[in-house]
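Trainee: Could you show me how to read the way helices pack in a protein model? I would like to learn the general idea and then see a real case.

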Amino acid sequence: MHQGLGRLTLVALPLWLAACASGPQTLYHWGNYPDTIHAWYDGTDDWAGQEQALRKIISEAATRRQKVGPGVHGQLGLVLSRQGRDGEAQAEFAEEQALYPESATFMTRLQGRRMAAGKQQDDRDVTSGKDNAAGGHAR
C-alpha cells in the first residue's frame with residue numbers, strides 16, 4: 001500500500017508543481033501600454049518615444065505569439081498621424097479594424113476627424129470622447 005502511494009506521489013507531485021508554476025495565461029499582450037497611454041494623456045510631445053513603445057508592444061506580442069491588446073494599433077495610428085505620417089496611420093487604423101472588427105466605428109471616427117480638411121485636432125479629446133469645440137478637457 002505504501003509503495004503504491006509513494007509511486008503515485010512521485011508522478012503526481014511534479015505534475016502538480018508544473019501546473020502551479022505556469023500561472024494564468026492572458027488573452028492579450030499589453031506590455032507597457034498602461035504607461036504609454038498615461039504619457040499620452042499627460043500631454044507628451046515625445047511622439048517618437050510613443051511610437052517606439054507601441055511598436056515594442058506589437059513586436060513582443062508577435063514574439064510571444066499573442067495578440068496585442070485592443071487599441072494598441074489604433075493608438076499607434078494616432079501617434080503616427082501626429083507626426084504627419086497619415087499613410088502609415090491609416091494602415092494602423094486598418095490593422096486595428098482587422099484585428100478587432102468592433103472597433104470599426106471608432107476607427108472611422110478617428111480617421112474622419114484627423115483627415116477632415118487637414119484640421120489638426122487634439123486627439124487626446126477624440127479618444128476620450130470629448131469634443132474640443134465643446135470646451136475639451138482640462139489638463
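This is a predicted model: local features need pLDDT of at least 70, side-chain atom pairs count only at pLDDT 80 or more; totals for chains, interfaces and linings use all residues.

Trainee: Good to know! What describes two packed helices?

Mentor: Two packed helices are described by the angle between their axes and by the distance between those axes. Here, helix H2 (residues 33–41) packs against helix H3 (residues 47–64) at an angle of about 160°, and their axes are 10 Å apart.

Trainee: Are H2 and H3 roughly parallel or roughly antiparallel to each other?

Mentor: An angle over 145 degrees counts as roughly antiparallel, so H2 and H3 are roughly antiparallel to each other. Their crossing is left-handed.

Trainee: Which residues of H2 and H3 meet?

Mentor: From H2 come Tyr 33, Thr 36, Ala 39 and Trp 40, and they meet Trp 47, Gln 50, Ala 53, Leu 54 and Ile 57 in H3. Sorted by class, the residues of this contact are seven nonpolar, two polar and no charged.

Trainee: Could we try another pair?

Mentor: Of course! The axes of H4 and H5 cross at roughly 170° and come within 8 Å. H4 and H5 are therefore roughly antiparallel to each other. On the H4 side, the meeting residues include Val 72, His 73 and Leu 78, while on the H5 side they include Asp 86, Phe 93 and Glu 96. This contact of H4 with H5 has seven nonpolar, four polar and five charged residues.

Trainee: Now, where do nonpolar side chains tend to be in soluble globular proteins?

Mentor: In such proteins they tend to be buried together. In this model, the largest nonpolar core has 17 residues, of which Tyr 33, Leu 54, Val 72 and Phe 93 touch the most other members. Two or more residues of this core come from each of H2, H3, H4, helix H5 (86–99) and helix H6 (104–115). H4 gives the largest share, five residues.

Trainee: What is Val 72 in contact with, leaving aside its neighbours within four places in sequence?

Mentor: Val 72 is in contact with Tyr 33, Leu 54, Ile 57, Ile 58 and Glu 96.

Trainee: And is Leu 78 buried or exposed?

Mentor: Leu 78 lies in helix H4 (residues 72–82). Buried means under 20% relative accessible area, so Leu 78, at 1% relative accessibility, counts as buried.

Conventions: Residues are numbered from 1 along each chain as its sequence is written. Side-chain values use heavy atoms; hydrogens and water are left out. Axes are lines fitted to C-alpha atoms, for helices over the stretch in contact, and angles run from 0 to 180 degrees between N-to-C directions. Helices (H or I, at least four residues) and strands (E, at least two) are DSSP runs, numbered from the N terminus. Angles under 35 degrees count as roughly parallel, over 145 as roughly antiparallel, 65 to 115 as roughly perpendicular and the rest as oblique. A crossing is left-handed if the near helix is turned anticlockwise from the far one by less than a right angle, and right-handed if clockwise. Contact means heavy atoms within 4.5 Å. Ala, Val, Leu, Ile, Met, Phe, Trp, Tyr, Cys and Pro count as nonpolar, Asp, Glu, Lys and Arg as charged, and the others, Gly among them, as polar. Buried means under 20% relative accessible area, exposed over 50%, partly exposed in between (1.4 Å probe, protein chains only). A nonpolar core is a set of buried Ala, Val, Leu, Ile, Met, Phe, Trp, Tyr and Cys residues joined through side-chain atoms within 4.5 Å.
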